[in-house]
Amino acid sequence: MNTISYNSAISACEKGRAWTWALELLRHMEVRRISADSITLTAAIGALGHGQQWQRSLTLFDALCSLSREPQGMVLGSIVSSCR
């Protein structure tokens with residue numbers, strides 16, 4: 001599997017509101033030394049937002065900020081919704 005495959009799977013987790021699976025897939029990526037990109041992290045943050053996992057969302061947001069200069073509005077919306 002590669003980053004694109006994981007991105008698809010994590011995006012499916014976001015749509016299915018399966019935040020625990022999204023985190024598990026991120027762990028698998030780390031173990032297999034597959035780099036997460038902004039798409040990976042954005043989808044995972046979205047999944048965490050659905051699960052109201054604000055602390056975990058912020059951790060991934062930090063990682064996302066180190067990858068890209070300016071986070072997209074959708075990501076910020078997910079972060080805010082996870083804090084409610």
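Visitor: Which residues is Ile-45 in contact with, leaving aside its neighbours within four places in sequence?
Guide: In this predicted model, Ile-45 is in contact with Ser-57, Leu-60, Phe-61, Leu-64, Val-75, Ser-78 and Ile-79. Contact here requires heavy atoms within 4.5 Å.

Visitor: What makes Ile-45 stand out in the largest nonpolar core?
Guide: That core has 20 residues.

Visitor: How many helices and strands does the chain have?
Guide: There are 5 helices and 0 strands. From the N terminus on, the elements run α-α-α-α-α.

Visitor: Why are α1 and α3 called roughly parallel?
Guide: Their axes cross at roughly 20 degrees. Angles under 35 degrees count as roughly parallel. The crossing angle falls under that cut-off, so α1 and α3 are roughly parallel to each other.

Visitor: Within what distance do the axes of α1 and α3 come?
Guide: The axes of helix α1 (residues 3-15) and helix α3 (residues 38-50) come within 8 Å. The crossing of α1 past α3 is left-handed.

Visitor: Which residues make that contact?
Guide: From α1, Thr-3, Asn-7, Ile-10, Ser-11, Cys-13 and Glu-14 take part. From α3, the partners are Ile-39, Thr-40, Ala-43, Ala-44, Gly-46, Ala-47 and His-50. By class, the contact has 6 nonpolar, 6 polar and 1 charged.

Visitor: Why does Arg-17 count as exposed?
Guide: Its relative accessibility is 55%. Exposed means over 50%. Arg-17 passes that cut-off and therefore counts as exposed. Arg-17 lies in the loop between α1 and α2. Arg-17 also has a positive phi of about 55 degrees, although it is not a glycine.

Visitor: How do you know that Arg-33 is buried or exposed?
Guide: Apply the same test. Arg-33 has 77% relative accessibility. That value is over 50%, so Arg-33 counts as exposed. Arg-33 sits in the loop between α2 and α3. Arg-33 has a positive phi of about 55 degrees and is not a glycine.

Visitor: What percentage of the chain counts as buried?
Guide: Of the 84 residues, 37% count as buried. The cut-off for buried is under 20% relative accessible area.

Note on methods
Residues numbered from 1 in each chain as written. Predicted model: local features only at pLDDT ≥ 70, side-chain atom pairs only at ≥ 80, totals over all residues. Heavy atoms only, no water. Axes fitted to C-alpha atoms, helices over the stretch in contact; angles between N-to-C directions. Helix = DSSP H or I, 4+ residues; strand = E, 2+ residues; numbered from the N terminus. Parallel < 35°, antiparallel > 145°, perpendicular 65-115°, else oblique. Left-handed = near helix turned anticlockwise from the far one by under 90°. Nonpolar A, V, L, I, M, F, W, Y, C, P; charged D, E, K, R; others polar. Core = buried A, V, L, I, M, F, W, Y, C linked by side-chain atoms within 4.5 Å. Buried < 20%, exposed > 50% of the residue type's maximum accessible area, 1.4 Å probe, protein only.
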